[in-house]
Amino acid sequence: MTEYPAATRRALSQGTTEDEMSDETTTDITDDHVDRDSEAYAHWKAAYEASALRDAEFETMSGVEVEPVYGEAPFPGQYPYTRGVYASMYRSKLWTMRMFAGFGTAEDTNARFKDILRNGGTGLSTAFDMPTLMGRDSDHEWSLGEVGKAGVAVDTLADMEDLFADIDLGGVSTSMTINSPANTIMAMYIAVGENNGVERARLGGTIQNDILKEFQAQKEFIYPPRPSMRLITDLMRFTTAEMPRWHPVSISGYHIREAGSTAAQELAFTLANGFAYVEAAVAAGLDVDAFAPRLSFFFNSHTDFFEEIGKFRAARRIWARWMKERYGAQNERSLLCRFHTQTAGVSLTAQQPENNIARVATQALAAVLGGTQSLHTDSFDEALALPTEKSARIALRTQQIVAEETGVAHVADPLGGAPYVEWMTDEMERQAEAIFAHLDEIGDGSILEGVYAGIDNGYFAGEIADSAYRFEREVNAGRRTIVGVNRYKEGGKDEIPILYIDEATEDIQRKRLAEVKQSRDDDAAHRALERLRAEAADSTINLMPAFIDAVKAYVTEGEITDTLEAVFGTYTETAVI
Amino acid sequence: MNATDTESTALPTIEGDPPRVILAKLGLDGHDRGLKVVARMLRDSGVEVIYLGLRQTTDTVVAAAEQEDADAIGISMHNGGHMTLGPRMVDAVAAAGLEIPVIVGGIIPDQDIARLQDAGVAAVLGPGSSARDVIAAIQASTGEA
């Protein structure tokens, strides 16, 4: 085994833990590279021993037994959680392999969901089509050509019933990627559960519900920022009170990165948005420790391996420090930055698409070494179209190979203490802190106001566009290699079979929508909409019960959007390049 | 660097009168990274870019093209709506009596490229297209190549 020189050991221990460690804990690394004498180690060991372990052999291919952790304090599960949120990490539970799926009609997607569960997927993740994401019905003029194309079409509760038909909502964890209309879709999910005898308190999962990044990057906004935030705090209050297993906001850097940001911008904008939700919820009267344990994050894993790992480690450390020091959280669980990761869709190339399998595997490995709680691996054909069943299975198998063949899940934070990894973690944190300082300044001491200001003055969109342009110029100039695109271009012309969404989907969906409207009790639907309109105008009322009432009356998503738009107004972006 | 495309190491420059190009996204799709990058590349190459941004309709694009006396229209598609919206854009341009090319960029499966061209789309630019490709497509379709 290689012994680090003493000077390096000191440097790296200061790097990881300068706020946390005193000199006396930087004792020599013992023969097996674990500092067993420290108090921190004793605490870690107690926590580890209290954790249930999964049934697996924690040894190398040649039969060498490995320790659950190596290196120095603070250990995984210890503040500031740079090394992981749990003491035993993947020895207790592998990350959730959550594959994103959704296309065509609800029935089509239901079949894919069942296929994922049969193949060892452990959570569902729902992609909705553009009309649904924008709160419009399938028969809206804007929906033309988009129904069921890049996700599943949902107009009414009838579609949600089909989407989750014969899936036990009490036994599965469901993620739903939806933002502006999140309250409507959440209400539908609750109604499907209740109609199937699963009370809302037993429902587990995540709804993305992160509107701030929509204004910054993804652009699926409907209402202006402030009423949009009211909808989010309503849902946070509702789930905090009634749905203990639900994550009401998944603060998402994924789309910020896909829109072109750097890793450090992704980290900083995402955490700033997280702080903004905390400030908004506290302003809405919630106690920070009542909701913060249910906040979760969603990051991108791109191809620059060590930068990504540093980003994930820095995210945990920054979140813990800010929650403790700035927002006064007392509950340890409020300090934990738990996150889902998706490999970088934007890194996939249409040229030689099978090369994407290698990119995805590398990105998946970075996410796991970075300590993710859940992972979606992209399918290699996604630069061409939605994944086929075969390509989606290869993507899932990629995760299973990382999990079960490579041995990286045996040891928590296996790269912790490596000088380069610790330096990169510090560097990501330093860059993020500079951005927080800017937002704090333009928000007059409030990150929430700073984020509103940054949306208003184009700061976020401008920074992201600058980074995207810089990257593209570098690729164009050949200063940055993309294999198969600007170097090694020979071959790869084979035809890749892609998933085609039947053009008939739109007609099928419109017909179904018309049938639902025909068969519902129109008076009940109108009463429910009237209640929603009235309560939307009074910001002291939590709108969630009115949403649930409306969807149960088979009010359509588009009718709800129109009603709220009449009260809240519509957001229009100033187009800047 | 060796083995890279030396011709793409710098942005191409436009000789003569710069073309005026309308860039827009139709429908609901909000993925505007590619279009913004193209807009900046064209602008930095000397093309006059009129960037309309998100959620445009064929009518708003045609109106802008008329008002700005545009030489070409570029629309960007990432959500599979291209087979509906691409031909519709071409028809709207023809219906307005304009004789300018419609160029489609974005995530377009290979087998749809010919279908779009049959429908009157002048050029289809997929992911990985360089600034040179984009400018060549505009020049070829506006007869200035």
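Modeller: Gladly! Let's begin at the end of a helix: α13(A) is followed by A:Gly371, whose phi is positive, near 90 degrees. Keep in mind that this is a predicted model.

Biologist: How many residues does helix α13 of chain A have, and what end-to-end reach is expected?

Modeller: Helix α13 of chain A, residues 356-369, has 14 residues. From the first C-alpha to the last it reaches 20 Å, close to the 20 Å expected at 1.5 Å a residue.

Biologist: Which residues of α13(A) are buried, and what covers them?

Modeller: The buried residues include A:Arg359, A:Val360, A:Gln363 and A:Ala364, and also A:Ala367 and A:Val368. Their cover includes the helices α12 (305-326) and α14 (389-404) of chain A, along with the strands β7 (296-301), β8 (339-343) and β9 (374-376).

Biologist: You mentioned β8. What does A:His340, in that strand, touch?

Modeller: Beyond its neighbours up to four places away in sequence, A:His340 touches A:Arg98, A:Phe297, A:Phe298, A:Phe299, A:Thr372, A:Ser374, A:Leu375 and A:His376. Its relative accessibility is 16%, and because the cut-off for buried is under 20%, A:His340 counts as buried. A:Ser252 is 88 residues from A:His340 in sequence, with 9.1 Å between their C-alpha atoms.

Biologist: And A:His247, is that buried or exposed?

Modeller: A:His247, in strand β5 of chain A, counts as buried at 15% relative accessibility. Its side chain makes a polar contact of 3.5 Å with the side chain of A:Thr206. For contrast, look at A:Gly171, in the loop between α5 and β3 of chain A: at 62% relative accessibility, A:Gly171 counts as exposed.

Biologist: What should I look for around a buried polar side chain?

Modeller: A:Asn183 in helix α6 of chain A is buried, with a relative accessible area of 2%. A polar atom of the A:Asn183 side chain lies 3.0 Å from the backbone oxygen of A:Leu231. Among the other residues in contact with A:Asn183 are A:Asn209, A:Asp234 and A:Phe547.

Biologist: How do I read salt bridges?

Modeller: Side chains of opposite charge can pair when their charged atoms come close. There are 47 salt bridges over all chains here. One of them joins A:Arg237 and A:Asp234, with the closest N and O atoms 3.2 Å apart. Both residues lie in helix α8 of chain A, 3 residues apart, about one turn of the helix. An α-helix has 3.6 residues a turn, so residues three or four places apart point the same way. A:Asp234 is buried at 1% relative accessibility, while A:Arg237 is partly exposed at 26%.

Biologist: Which salt bridge links distant parts of the chain?

Modeller: A:Arg313 and A:Asp413 meet in one at 2.8 Å, N to O.

Biologist: Last topic: how is the size of an interface described?

Modeller: It is often given as the accessible area lost when the parts come together. Chain A and chain B bury about 3900 Å² between them, 55% of it on carbon and sulfur atoms. On the chain A side, A:Tyr469, A:Asn476 and A:Ile577 lose the most area to chain B, together 20% of what that side buries. In residues, 49 of chain A are in contact with 44 of chain B.

Biologist: How many salt bridges are there between chain A and chain B?

Modeller: The count is 2. B:Asp32 forms a salt bridge with A:Lys219, the closest N and O atoms being 2.6 Å apart. Within chain B, B:Asp32 also forms a salt bridge with B:Lys36, at 3.9 Å between the closest N and O atoms.

Methods
Residues are numbered from 1 along each chain as its sequence is written. Chains are lettered from A and ligands numbered from 1 in the order in which they are written. This is a predicted model: local features need pLDDT of at least 70, side-chain atom pairs count only at pLDDT 80 or more; totals for chains, interfaces and linings use all residues. Side-chain values use heavy atoms; hydrogens and water are left out. Contact means heavy atoms within 4.5 Å. Buried area is the accessible area (1.4 Å probe) that two parts lose on being put together, summed over both. A salt bridge is a side-chain nitrogen of Lys or Arg within 4 Å of a carboxyl oxygen of Asp or Glu. Helices (H or I, at least four residues) and strands (E, at least two) are DSSP runs, numbered from the N terminus. Buried means under 20% relative accessible area, exposed over 50%, partly exposed in between (1.4 Å probe, protein chains only). A polar contact is a pair of N or O atoms within 3.5 Å; within protein, one must be able to donate a hydrogen and the other to accept it, and residues adjacent in sequence count only if both atoms are side-chain atoms. The expected span of a helix is 1.5 Å times one less than its number of residues.
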